[in-house]
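Subject: Structure for you to look at

Hello,

Here is the structure I said I would pass on.

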Amino acid sequence: MEPRPLRWYFAWCAALALAAGCAPVQYQPRPLEAAVTEQSYAARTLADSGLRDYLSAQGSAAAAWPRPQWDLAALSIASVYWHPEVALAQARLAVAVAETATSRTRQPYTLTARPELNSKADAGETPWGLGVLVGLPIDLGGKRAARTAQLERQQEAAEFEVAAAAWRVRSRLRRHFVELYVAERTLQALAAEQRSRQSLVALAERREQAGWSGVADTAAARARSAEGEVALARAQARREQALAGVAEAAGVPLEALRRERLDYSALENPVAPPADDALRRTALLNRIDLRRKLADYAVAEAAVKLEVARQYPDITLVPGYFWDADEAIWSLAGLGLVPPRARTRALVREAEARREAEQHAFAALQAAIIAEAAGASARYRSAWETLAAARRQIDALRARHAHVARQFDVGHADRMELVQSQLDTQVAERAAVVAMLEAQQGLSALEDALQRPLDNPDLAAAPPPLAGAPQAADPALNPALLDND
């Protein structure tokens, strides 16, 4: 017999095997080096051209670049662009997207070669035989579709996690931004108070020398001036700490932030407390963690459907061909992996129990959100009213200082009374700064309860797009910073 058919058959099998694995993806190493990542972080600035394009895509383009000053809204978008916590959530979303795409691909098949040697072959016949078996899986019960549906729900949950990461970064930035603003205002108020106290010390010394007051009055004025110096130093330290917090939340080095000018105008007048019914509705519709819980419930629901589908056996159809001594033998076989009925029912009950747990978790979170929103609303309303009262007190003290100044001009009040009335006004202004801090902290707590910016309702900072995607605003990826009513 001519050996040519055997060589041809081996070549055909080799070509089939090569066709099955043609054009493989080549491994591309990507080593991770701490020194390189540190250098990349140190090189970040708020003048980066990529950040400029991203701000423009979010509708926050500046007339001049680099921006002459940064307000809270622009810094919030920059923090979403730069912060590694958002990048980590985006990477996990990319994994979920890849898993969903993988589940939609065809199932793998098996290719089995069966070479045989017949030691008792007749003379003139080749002792070799060769067979090939192809295993073709058959999806019974829609298991593949159920698994794909489950991964799609997990992808939705990962998208909400991106939004949650963006909100956490924005919330931290706002908190530190408020602390920095209050520290700046406190420094200014303490510096003004200290100048007034030093004037009082000088006046007390002159009165003591003239015999109009005793040593105790001068010593008390000096003690209050020394306390003011200590308070000034502490305020400076708090400012540096708050500035470092803003830099961390924005995702840029501290030295890069020092070179920028910050605009606090958005914090000057906190918004009026919204109505309680509007707060409740907004919280129940806008909270990311609540919507994430809905996505988790959808994942559990898909898991029940998948376990129901897995009750069906896994069937593999195995057609085969065998060539032996000029004879072609065709075969057809089937393999079945039959799961035990008791186990499949147990797995279905387990998935149903997880689904019920997610249902109760959603209800518990919903109740907690209602209570949190009500508490945050009451806290903010109280702080807002306290700030309004502090500002009214300042107006009264300023009017009193103006009255003392007029009396001083006509000789009915001395300089000590004039400086003291000025100091009283400055102390009240610093107290108003503390009231401002409490109001802004209450507003931050209320925003966290709603997971929606109330002082910047039009803020629309979407997370950075995935690699290779166009840089366009995509509100669906970041519902945390939008009005989703």
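This is a predicted model: local features need pLDDT of at least 70, side-chain atom pairs count only at pLDDT 80 or more; totals for chains, interfaces and linings use all residues.

The whole chain

The protein chain holds twelve helices and four strands. It has 485 residues, and 38% of them count as buried. Take the contacts between residues at least 6 apart in sequence: 80% of these join residues at least 24 apart. The accessible surface of the chain is about 26900 Å², and carbon and sulfur atoms account for 56% of that.

A patch on the surface

A nonpolar patch on the surface is formed by Tyr109, Leu111, Leu136, Ile138, Leu140, Tyr312, Leu317 and Leu332. Together these residues have about 710 Å² of accessible area. One of them, Leu136, lies in strand β2, which covers residues 128-138. The relative accessible area of Leu136 is 35%, so this residue counts as partly exposed, the range for that class being between 20% and 50%.

Helix α10

Helix α10 takes in residues 288-309, 22 residues in total. At 1.5 Å a residue the helix should span 32 Å, and its end C-alpha atoms are 31 Å apart, so the two values agree.

Which residues of α10 are buried? They are Ile288, Leu290, Ala295, Asp296, Val299, Ala300, Ala302, Ala303, Val304, Leu306, Glu307 and Ala309. The list includes Asp296 and Glu307 as well as residues such as Leu290 and Val299.

Regards

Methods. Residues are numbered from 1 along each chain as its sequence is written. Side-chain values use heavy atoms; hydrogens and water are left out. Helices (H or I, at least four residues) and strands (E, at least two) are DSSP runs, numbered from the N terminus. Buried means under 20% relative accessible area, exposed over 50%, partly exposed in between (1.4 Å probe, protein chains only). Contact means heavy atoms within 4.5 Å. Accessible areas come from the Shrake-Rupley method with a 1.4 Å probe; for residues, only the protein chains shown count as cover. Patches are made of residues with over 30% relative accessible area and no salt bridge: like charges are joined within 9 Å, nonpolar side chains (Val, Leu, Ile, Met, Phe, Trp, Tyr) within 5 Å. A salt bridge is a side-chain nitrogen of Lys or Arg within 4 Å of a carboxyl oxygen of Asp or Glu. The expected span of a helix is 1.5 Å times one less than its number of residues.
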